[in-house]
Amino acid sequence: MKRREFITLLGGATASYVSWPLAARAQQPAMPVIGFLGAIRLPDRLKAAFLKRLAEQGLVEGRNVAIEYRFAEGRYERMARMAAELVRRPVTVIVASPTPPSVVAKAATATVPIVFGVTDDPIKLGLVTSLPRPGGNATGVYFFLSDLAAKQLGLLRELIPSATRIGLLVNPDNANAEAVTREATAAASAIGVEIEVVRANDNTAIDAAFATLLRSKADALVVGADPFFFSRRSQLAALAIRHAIPAVYTVRDFPEAGGLMSYGTSLTEAFRQIGDYTGRIVKGAKPADLPVVQSTKFDFIVNLTTAKALGLDVPPSLLATADEVIE
């Protein structure tokens, strides 16, 4: 073999050796991307529950699945832009929770699969056509947090039998505000209690809402399900104590932050279920084939330290029904 032919052959073999791994890598499937749209930053315990369920299905963030997080930090007007970013990304599936991000995600795409976690009826929100057969690109978990006003009012009435006027705090920017107001008003009427509706979507409005409750001499307060309120739970608890207004909230994080008591869905279990559906869709399942999960685990938490600060004696019958008592 001539020297020139040998060099040509060697060069061709080297080029093939170098290009083969590049071609092989190009043929490997891209890492799936999960888009996560939230109204506020996801609390660590809920993120851990979500990621743990993904990992149990063999999907580990940073190893074989990527997650793009978008949090509006309570600024609901930002969510449409964030949802559009995730759709353009593009992502394999969008996880959206609670109600405001879920509604925005559904409006942003009719093709990208969506796993929602909502506090309100997903049929009324237009996310699915039915719970057992979602029928579109969305499915997920129904928390029921906006449907608990009757139970929460009953707990307040058991704690304060003399209560006749109870405040209801809602966020007017949340799609659930009207539904929560209707349910609370109907539940209050059934037990002979008057509802005073106050609204807030920023810190100044929260202060104004408490000023209104003081002027109207409200005996207690129900704080509606809303991610902005969740992000301001310490502020709400402090104001309730300062103004001596006993309040009931939706999730355990409020009494842990100093609130009096909460009754609502176990969000840890709910986010585990969201992680389950997300993993299944990443692996190829279709949202239309996955029935909406309805939460069945509820927590009742009482903060006795706050009760004492408010000068309240919690009846033993009420304490006996609590899942946890904070002292």
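**View 1. The lining of the largest cavity in this predicted model.** The largest cavity is lined by 25 residues. Nearest its centre lie Ile40, Pro98, Pro227, Phe230 and Leu267. H8 supplies the largest share, three residues. By kind, the lining residues are 17 nonpolar, six polar and two charged. The space inside the largest cavity is about 290 Å³. The count of cavities of 30 Å³ or more comes to three.

**View 2. Buried residues of helix H4.** Helix H4 covers residues 99-108. Which of its residues are buried? They are Thr99, Pro100, Pro101, Ser102 and Ala105. The cover over these buried residues includes strand E1, helix H3 (79-88), strand E3 (93-97) and strand E4 (114-118).

**View 3. Helix H2 packs with helix H11.** H2 spans residues 44-56. The axes of H2 and H11 are 7 Å apart, at an angle of about 35 degrees. The crossing of H2 with H11 is right-handed.

**View 4. Residues in the contact of H2 with H11.** From H2 come Arg45, Leu46, Ala49, Phe50, Arg53, Leu54 and Glu56. They meet Leu267, Thr268, Phe271, Arg272, Ile274, Gly275, Asp276, Thr278 and Gly279 in H11. The residues of this contact divide into seven nonpolar, four polar and five charged. In an α-helix, residues three or four places apart point the same way, because there are 3.6 residues a turn. Leu267 of H11, which meets H2 here, is also among the residues nearest the centre of the largest cavity.

Technical notes
Residues numbered from 1 in each chain as written. Predicted model: local features only at pLDDT ≥ 70, side-chain atom pairs only at ≥ 80, totals over all residues. Heavy atoms only, no water. 1 Å grid on protein atoms, 1.4 Å probe; cavity = no way out; pocket = protein on both sides within 12 Å on 5 of 7 lines; lining within 4 Å. Points joined across faces, edges and corners; volume = space filled by probe spheres on them. Helix = DSSP H or I, 4+ residues; strand = E, 2+ residues; numbered from the N terminus. Nonpolar A, V, L, I, M, F, W, Y, C, P; charged D, E, K, R; others polar. Buried < 20%, exposed > 50% of the residue type's maximum accessible area, 1.4 Å probe, protein only. Contact = heavy atoms within 4.5 Å. Axes fitted to C-alpha atoms, helices over the stretch in contact; angles between N-to-C directions. Left-handed = near helix turned anticlockwise from the far one by under 90°.
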